[in-house]
Amino acid sequence: MNICIVNIHENNPYIGGVERVSFELGHDWIKKGHNVFFLSQYKSTIKKSYLSLCKELFLPNSDKADAMVNVEYCIALLKKYNIDIILNQGGIYPGLCELIRLIKSNTEIKVVTSIHCAPLCKITDIDNSFFIKEKLGKSIRKWLIDIGLYMRYVLYKKQLLLNAEKNDLKRISTFSETIVCLSPSFLVTFQELLGNPDTTQLIAIPNPIKRIDKPLMLKKQKSIIYVGRLEFGLKRIDRLIKIWAKTEHLF
């Protein structure tokens, strides 16, 4: 089978989770006898070198994913390499999804779209971003501004974000044979967003974990390691610091 993995970023495994997953899937499928191509909108800004067994391709217009030049380039690419299926790893990027929708409307290609985040994560991000004293400090002016922004968000913007997520997911469902989410616990929420609790289009597949055949023999020390982006909204690293302050004496 000829598979094209489409992503917003180059599938450099040192960039982040989605890129690492794409890299591992591509290499595993190649070892199983398939042909795998990486098609990305942007090249990596991280210069750490890596060796990819998959052919790396890039959109000619990186500024606008759904530009007609990109549509024409992708259709020609699918024919040239006899691509059977597209794995869309950019399910949260409307521009990339629109590109794939346009490709789908002009070809018989099969599309699987992966959503590498929790449902309503944009709303969760903003919900967690208000009234953080580490950001606002002791400034009364900053607190008043934050209260005003919070009221605007609750009364107006939150519903817009909810509607946008529903529309994005419904649009993805029009061109994808299957929509993959990360956890079975996400299925009900995604079904509600689609407005179809009986859909068979949604499935759950956790991210792959590369098996280590030989355990690493390391001299163990008491360590706590945080792996993730340094941000408030989705990661809430301020809470990690507070937790450690309350538990450090136990360890």
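## Basis of the report

Because the model is predicted, local features need pLDDT of at least 70 and side-chain atom pairs count only at pLDDT 80 or more, while totals for chains, interfaces and linings use all residues. Residues are numbered from 1 along each chain as its sequence is written, and side-chain values use heavy atoms, with hydrogens and water left out.

## The largest pocket

Rolling a probe the size of a water molecule over the atoms shows where empty space is left. On a 1 Å grid over the protein atoms alone, a cavity is a set of points where a 1.4 Å probe fits but cannot get out; a pocket is an open set with protein on both sides within 12 Å along at least five of seven lines, and lining residues have an atom within 4 Å of a point. Grid points are joined across faces, edges and corners, and a volume is the space filled by probe spheres set on the points.

The largest pocket holds about 850 Å³ of space. Its lining has 28 residues, and Gly17, Val18, His116, Arg229 and Lys235 lie nearest the centre. Strand S1 (2–9), helix H1 (17–31) and helix H4 (121–127) each give at least two residues to this lining; helices (H or I, at least four residues) and strands (E, at least two) are DSSP runs, numbered from the N terminus. Sorted by class, the lining has twelve nonpolar, eleven polar and five charged residues. Here Ala, Val, Leu, Ile, Met, Phe, Trp, Tyr, Cys and Pro count as nonpolar, Asp, Glu, Lys and Arg as charged, and the others, Gly among them, as polar.

## Helix H1

The 15 residues of H1, at 1.5 Å a residue, should span 21 Å, and its end C-alpha atoms are 21 Å apart, which agrees. The expected span is 1.5 Å times one less than the number of residues.

Glu19, Val21, Ser22, Phe23, Glu24, Gly26 and His27 are the buried residues of H1. Buried means under 20% relative accessible area, exposed over 50%, and partly exposed in between (1.4 Å probe, protein chains only). S1 and strand S2 (35–42) are among the parts that cover these buried residues. Just after H1, glycine 33 has a positive phi of about 100°.

## Leucine 182

Leucine 182 sits in the loop between strand S6 (178–181) and helix H7 (184–194). With 21% relative accessibility, leucine 182 counts as partly exposed. Beyond its neighbours within four places in sequence, leucine 182 is in contact (heavy atoms within 4.5 Å) with Ile115, His116, Cys117, Ile205, Pro206 and Asn207.

## Aromatic rings

The whole structure has seven aromatic pairs. Rings of Phe, Tyr and Trp (its six-membered ring) pair if their centres lie within 6.5 Å; planes under 30 degrees apart count as stacked, over 60 as edge-to-face and the rest as tilted. Phenylalanine 130 and phenylalanine 131 form a tilted pair, 6.2 Å centre to centre with 45° between the planes.

Phenylalanine 131 also forms a stacked pair with tryptophan 143, at 6.4 Å and 10°. Phenylalanine 131 lies in the loop between H4 and helix H5 (133–136) and tryptophan 143 in helix H6 (residues 140–175), so this pair ties together parts twelve residues apart in sequence. Ring pairs link Phe130, Phe131, Trp143, Tyr150 and Tyr153 into a cluster.

## Positive phi angles

Most residues other than glycine have a negative phi. Phenylalanine 131 has a positive phi of about 60° although it is not a glycine. Arginine 236 has a positive phi too, near 50°. Arginine 236 is in the loop between strand S7 (202–204) and helix H8 (237–247), and at 11% relative accessibility it counts as buried.
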